[in-house]
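Work through the exercises below with the sequence and the 3D view open. Try each task before reading its solution.

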Amino acid sequence: MKKSILSAFFFLCICMLLSFSPEQASAASYIDTKQVYTYEIMEQDIEELAKAYPDLIQYKVIGKSEYGRNIYAVSLGKGSSVSFINGSHHAREWMTTIVNMYMIDQYANAYKNGTSINGYNVRSILNDSTIWFLPMVNPDGVTLQQFGLKKFPKEDHDDLIKMNAGSTNFSRWKANAKGLDLNRQYDADWKNICCNPGKPYFKNYKGPKPHHAKEVTAVLDFVNEIKPEISVSYHSSGKILYWNFHQKGTQYNRDHALAKQIGRMTGYSLVYPKSNPSGGGFTDWFISHYNRPAFTPEIAPYVQETSPPLSVFPKVWNENKAVGLYVTKEGHKLFMGRYQSVQAAATKKVNNALLKSKALRPYHTTNIKTVSDLNISADFTNLFNDTGKLIKEAEQSLVNLTEADKTRLSIYIEEAKARRTDAARFIDAVNIGNKLLEQKTGFDRLLLQGKLDDTIVMNYNELSSSINKAEKVVSRIYGSEYRKLAGEKYISPSKILRESIIYEVSRYNLLGVIEDELEQQQDSQVKERFAMLERLEERSIQIKADGNKKYPGKYPDYPEIEAQLQIWKQSLAEKYKGITNSELSNNVE
């Protein structure tokens, strides 16, 4: 009997476990939804969530409120398509901040654990997309509504009370702490906004001009940066859904279908457009500016001019917990619909750049048969420049692609760059080679004047430096056969000329050293230097003989320069004998 009861108990436990799905499990949470949710609590929770999910959650400050509080943006997800959710445009509507924060919390937890929410595969959605949240657009207003005057400068208290119609009870406060209604600040039919009190007030004041409030400017700059496919701006209260602002045709039908689905998910009634709707809201601006879907759910039962009680949040969450996932999934569809054309355009630009770069190759390889072919034609130059422009365009076209497509297409861009680099090295070598030949010709002219002096030595040194530089540049030319031709045309003639005069220049420099030492009567090494001079003369004769065997006529004797060197040498030898009364070799005498 006991065994039968025990078996029945285990069977019941197994049945209960089988019937308990992961989606029904209570997810761990970093957000306490049962407390008045303040700006300071939100800051702490954002930091905690970012630490808990470092690969999934990032945050940044996108601006400051009128009183210097941070406006935080939090990203959730890893994909390229972007959706945008915000809360607390209005001070007394801070429960919408809890909705934002709890979405971040619960979606991240579901991603980590591989669970779904209302049938939506959270991991799949967040791998495809990124959701950006602005949980508290109006931190000053929220703080004023929750704490009253005590968190604001005393010198501003009278103005705040005046804007609150003389009351020190700020529970009805809706505006920011400067009395501007942030959701009437957006430039969407702004001139025709109704019910404007005409002065800073606890509600409905649209301001002196659109986008006057710092909070709104921060939101606009951020949205224009991330360019979301779809947005949801949470407000309270009334359990209704705003979704329309002057859409027509297919845009109207698209947004209407999305709104009806959100209405079915939440149970909220859709607000249909009037003939002349009052604008100025974020959703109005986003729809008219981007022609993309945007929605304003008014959460919680209507509570008139105050914040909804915390007791309604569980129901609010149950109504809205899948809304962020739904709009993000639909936003990804819109992204992919546009993305295919963006991807195709980028692929075409990359392909054009690659084909152009391939067309460069013959100009510096197969077209080069002899040294006379080493030149840069106008066609080559134009093709080289066009390739550079196409590569730049191709790189710019990758900006809006997914990381996977960027990586794939970047491989071909790098190939195009490498081919253009090969062409650039050839162009550099030809240009530097031609300059070297010009320098060589000028040096040759100087030598034919038959006088060796400091100008000749300076030009010799400059030619040597240019040869070294040209050798490095030529060594980078693509293809050994083309490097060899460039060496024959540019490097060899210059080296031959330098070599033909090297020992004359060396003797000239050495004679200068001897002369300086004799003038300063530092004669201890002079005899040795004269011996070195004789060896240089022998080397001069030998190198010309060897050079002319290999390159007939390329190693001239320069008789006038030789006579100049001999006269200078004899003069210094006589001076040395006069100082030391010693004998030098017969060659010197």
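The bend at a residue is the angle between axes fitted to the seven residues ending there and the seven starting there. Helices are DSSP runs (H or I, at least four residues), numbered from the N terminus. The model is predicted: local features need pLDDT of at least 70, side-chain atom pairs need 80 or more, and totals for chains, interfaces and linings use all residues. Residues are numbered from 1 along each chain, and side-chain values use heavy atoms, without hydrogens or water.

**Exercise 1.** Find where helix H15 has its kink.

Solution. Go to H15, residues 480-519. The kink is centred on Ile 502 and amounts to about 45°. Then step just past H15: Gln 521 has a positive phi of about 55°.

**Exercise 2.** Classify the ring pair of Tyr 363 and Phe 380.

Solution. Rings of Phe, Tyr and Trp (its six-membered ring) pair if their centres lie within 6.5 Å; planes under 30 degrees apart are stacked, over 60 edge-to-face, the rest tilted. Here the centres are 5.1 Å apart and the planes are at 10°, so the pair is stacked. Tyr 363 lies in helix H11 (residues 323-364) and Phe 380 in helix H12 (residues 378-397), so the pair ties together parts 17 residues apart in sequence.

**Exercise 3.** Is Phe 202 buried or exposed?

Solution. Apply the cut-offs: buried is under 20% relative accessible area, exposed over 50%, partly exposed in between (1.4 Å probe, protein chains only). Phe 202 has 3%, so Phe 202 is buried. Tyr 201, at 23%, is partly exposed.

Methods
Helices (H or I, at least four residues) and strands (E, at least two) are DSSP runs, numbered from the N terminus.
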